[in-house]
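Dear colleague,

I am handing over the structure we discussed, and below it you will find my notes on what turned up in it. Please read them with the model open beside you.

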Amino acid sequence: MHDVVQNYYGKELQGTDDLKTSACCDISNMPEWLKPLLANIHDEVLSRYYGCGLVCPTLLEGCRILDLGSGSGRDVYALAQLVGATGHVVGVDMTDEQLAVAKQHQDYHIDKFGYDNVTFLHGYIEKLDELDLAAGSFDIIVSNCVINLSPDKAAVMASVQRLLKPGGEFYFSDVYADRRIPQHLIDDPVLYGECLSGALYWKDFIRLARGAEFLDPRLVEDRPLEITDPALAAKIGDIQFFSATYRLFKIAALEDACEDYGQAVIYKGSIEQSPHRFDLDKHHAIEAGRVFPVCGNTFRMLQESRFAPHFEFIGDDSRHYGIFAGCGELMPFSQTMMPASGVGGCC
């Protein structure tokens, strides 16, 4: 499938208007604090962008970030502004044409930002071990509507686990389906290139993540995907697709279920972009100054990550009270079209 993807993104597509689905989001769906970042990015980099929203968690200053499938470099150059001069962003992509655009405008962005903190590498996201990337060397790994294009998603997840620092996170947007995709659709080059037929059945993604030792994937936001091209819609039939952003933390003590230890946290309101509320995920909107009961996994995600200084922590794991209320197994995605909101990508 590498040849299919390289041809589609390197030669077939000449700009974002050539895409045939709503997988790519409009800038109007982004939080206001992210929009000025795009104004500093070269026009050609923006025009050759085929991702889904802007994959951008909060609290990035000084972080070392890896962008899988960085394409023309739009997300890399946006993240570079947030990590600042003390941070670094590495982009990996396999498409020569896309990398050429990203590298061509590096000097432009150095002049614009006032520092040089990005690197672009040619490589395959299933073969990150072939690149000179040290284990445990990244605070955050991001990916924007790319993993569905990989023929070996398990290898991608294993490499992410290896490259993240303890307490680091994989924050990424992608496309998921409500069922497994039949092989004849996977073999369709346009459906595959449009990020549809390579999409994982959502429950298989959960299994894949847990197999890579990301035991508690957290859904940040999601939306149904509209297939706007009539010919593609006819091929797809009744399969439903969803754009979704997940965050996976590399924390060894996480459990495979939300267990109740009587713990709670208090958000200090000290993250600049989130003064009133911190959204860990779709179901954890933590108001500043308010005692917020959490399961053991959520407690650890906050206490053992870069977010720890911004929280007070109440309790420990010395006493267990059973499963945390509301921990379910139904499909997590919303099935009605709603405006995108919150931070990060809308894919």
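To begin with a cysteine: does Cys63 count as buried or exposed? Cys63 counts as buried, because its relative accessibility is 7%, where buried means under 20% relative accessible area, exposed means over 50% and partly exposed lies in between, with a 1.4 Å probe and protein chains only.

Before the rest, please keep in mind that this is a predicted model, in which local features need pLDDT of at least 70 and side-chain atom pairs count only at pLDDT 80 or more, while totals for chains, interfaces and linings use all residues. Residues are numbered from 1 along each chain as its sequence is written, and side-chain values use heavy atoms, with hydrogens and water left out.

**Overall picture**

The secondary structure of the protein comes to 12 helices and 13 strands; helices (H or I, at least four residues) and strands (E, at least two) are DSSP runs, numbered from the N terminus. The protein has 347 residues, and buried residues make up 56% of them. Of the contacts in the protein with a separation of 6 or more, 80% are between residues 24 or more positions apart, a contact being heavy atoms within 4.5 Å.

**Cysteines**

A disulfide is a covalent bond between the sulfur atoms of two cysteines. The structure holds zero disulfides, where a disulfide is taken as a pair of cysteine sulfur atoms within 2.5 Å. For Cys195, the closest cysteine sulfur is that of Cys145, and at 3.9 Å the two are too far apart for a bond. Cys195 counts as buried, because its relative accessibility is 3%.

**Helix H4 and its packing**

Helix H4, residues 74-83, is mostly covered, with 10 of its 10 residues buried. Among the buried residues of H4 are Arg74 and Asp75, as well as Tyr77 and Gln81. H4 is followed by Gly84, whose phi is positive, near 75°.

Two packed helices are described by the angle between their axes and the distance between the axes. H4 packs with helix H6, residues 106-113, at an angle of about 25°, and their axes are 11 Å apart; axes here are lines fitted to C-alpha atoms, for helices over the stretch in contact, and angles run from 0 to 180 degrees between N-to-C directions. That angle makes H4 roughly parallel to H6, since angles under 35 degrees count as roughly parallel, over 145 as roughly antiparallel, 65 to 115 as roughly perpendicular and the rest as oblique. The crossing of H4 and H6 is right-handed, which is the term used if the near helix is turned clockwise from the far one by less than a right angle, left-handed being the term if anticlockwise. On the H4 side the contact is made by Tyr77, Ala80 and Gln81, and on the H6 side by Gln106, His109 and Phe113. The residues of this contact of H4 with H6 divide into three nonpolar, three polar and no charged, where Ala, Val, Leu, Ile, Met, Phe, Trp, Tyr, Cys and Pro count as nonpolar, Asp, Glu, Lys and Arg as charged, and the others, Gly among them, as polar.

**Helices H7 and H10**

The axes of helix H7 (residues 153-163) and helix H10 (residues 202-211) come within 9 Å and cross at roughly 40°, which makes H7 oblique to H10. The crossing of H7 and H10 is right-handed. Lys153, Ala154 and Met157 of H7 make the contact with Phe205, Leu208 and Ala209 of H10, and by class this contact of H7 with H10 has five nonpolar, no polar and one charged residues.

Leu59, in the loop between helix H3 (43-47) and strand E1 (64-68), has a positive phi near 65°, in a residue other than glycine. Leu59 counts as partly exposed, because its relative accessibility is 25%. Glu213, in the loop between H10 and strand E7 (218-224), has a positive phi near 75° and is likewise a residue other than glycine. Glu213 counts as exposed, because its relative accessibility is 56%.

**Two further residues**

Asp316 is found in the segment after strand E13 (311-314) and, at 43% relative accessibility, counts as partly exposed. Not counting residues up to four places away in sequence, Asp316 touches Tyr261 and Gln263. Ala285, in strand E11 (residues 284-287), is partly exposed with a relative accessible area of 35%. With the same exclusion of residues up to four places away in sequence, Ala285 touches Arg277, Phe278, Asp279 and Phe292.

With best wishes
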